[in-house]
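Have the sequence open next to the view as you read.

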Amino acid sequence: MAMTTPQDLTVIPAAAYAGDIPAALAWQWVQAGSAVLVDVRTDAERAWVGQVPGAVPVEWKQWPGMVNNPNFDAQLQAAVPSGGKVVLLCRSGVRSVAAATRAAQLGIEAYNILEGFEGDIDANGHRGQLGGWRKQGLPWRQ
């Protein structure tokens, strides 16, 4: 388990949804049962790169064409109980912003997980070295 500090547990308010949160806080909420973790990456990304145990898969965009998932709204609403809170995870924290915005439009208390599963691209063009769920030592499997 990753070590956390108080700054790791801060919610950054967002204009279009409830806020941006660090992965450690998202995991704390999920473990406490106060939020549902929804992974909005493609099925291919989860299969090839890794996934968080217990996360609900609801693609924002679908592989291979990266077209919007026409069933996103219904799948998200089925995953999050009425009045519930959702934390949204993607590769780098970009698609999850769009998904959090849509979730908020649907009336769901939605948070984007900062840095996503793999984090930002480093100087060599690689992900997985600069932040992200995996780099922080939070639970995942291949």
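Trp48, Trp63 and Met66 make a nonpolar surface patch of about 380 Å². Patches are built from residues with over 30% relative accessible area and no salt bridge, with like charges joined within 9 Å and nonpolar side chains (Val, Leu, Ile, Met, Phe, Trp, Tyr) within 5 Å. The areas come from the Shrake-Rupley method with a 1.4 Å probe, and for residues only the protein chains shown count as cover. Met66 sits in the loop between strand S4 (61–62) and strand S5 (67–68). With a relative accessible area of 31%, Met66 is partly exposed; buried means under 20%, exposed over 50%, and partly exposed in between. Helices (H or I, at least four residues) and strands (E, at least two) are DSSP runs, numbered from the N terminus.

A word on the ground rules: this is a predicted model, where local features need pLDDT of at least 70, side-chain atom pairs count only at pLDDT 80 or more, and totals for chains, interfaces and linings use all residues. Residues are numbered from 1 along each chain as its sequence is written, and side-chain values use heavy atoms, with hydrogens and water left out.

## The sheet

Five strands form an open sheet in the order S1-S7-S6-S2-S3, with parallel pairing. Strand S1 and strand S3 (56–57) stand at the edges with a single partner strand each, so one side of each has no neighbour in the sheet. Two strands count as paired if DSSP finds at least two bridges between them.

Strand S6 (85–89) is joined to strand S2 (36–39) by four parallel bridges, and Val36 has Val86 as its bridge partner in S6. Four bridges also join S6 to S7, again in parallel, with Leu88 standing opposite Asn112 in S7. S1 and S7 pair in the parallel sense over three bridges, and here Asp20 stands opposite Asn112.

S6 is mostly covered, with five of its five residues buried. Lys85, Val87 and Leu89 point one way from S6, while Val86 and Leu88 point the other way.

## Helices against the sheet

In helix H4 (residues 95–105), the buried residues are Arg95, Ser96, Ala99, Ala100 and Ala103. They lie on the same side of H4, because they cover an arc of only 135° around the axis; the arc is that of the directions from the helix axis to the C-beta atoms. These residues pack against helix H2 (43–49), helix H3 (72–79), S6 and strand S7 (109–113). After H4 comes Gly107, whose phi is positive, near 90°.

Leaving out residues up to four places away in sequence, Ala103 touches Leu76, Val86, Leu88, Ile108 and Ala110, where contact means heavy atoms within 4.5 Å. Asp73 is 30 residues away along the chain, and its C-alpha atom is 7.7 Å from that of Ala103.

Helix H1 (residues 23–32) has Ala23, Ala24, Leu25, Ala26, Trp27 and Trp29 buried. The buried residues of H1 pack against strand S1 (19–21), S6 and S7. Just after H1, Gly33 takes a positive phi of about 80°.

## Salt bridges

What is the salt-bridge count here? Taking a salt bridge as a side-chain nitrogen of Lys or Arg within 4 Å of a carboxyl oxygen of Asp or Glu, the count comes to four. One of them joins Arg41 to Asp39, with the closest N and O atoms 2.7 Å apart, and both residues are buried.

Another links Arg46 and Asp43, whose closest N and O atoms are 2.2 Å apart. The two are three residues apart in helix H2, so about one helical turn separates them. Arg46 is buried at 7% relative accessible area, whereas Asp43 is partly exposed at 47%.

The side chains of Glu45 and Arg95 also meet in a salt bridge (2.8 Å, N to O). Since Glu45 lies in helix H2 and Arg95 in helix H4, the pair ties together parts that are 50 residues apart in sequence. Glu45 and Arg95 are both buried.

Technical notes: Buried < 20%, exposed > 50% of the residue type's maximum accessible area, 1.4 Å probe, protein only.
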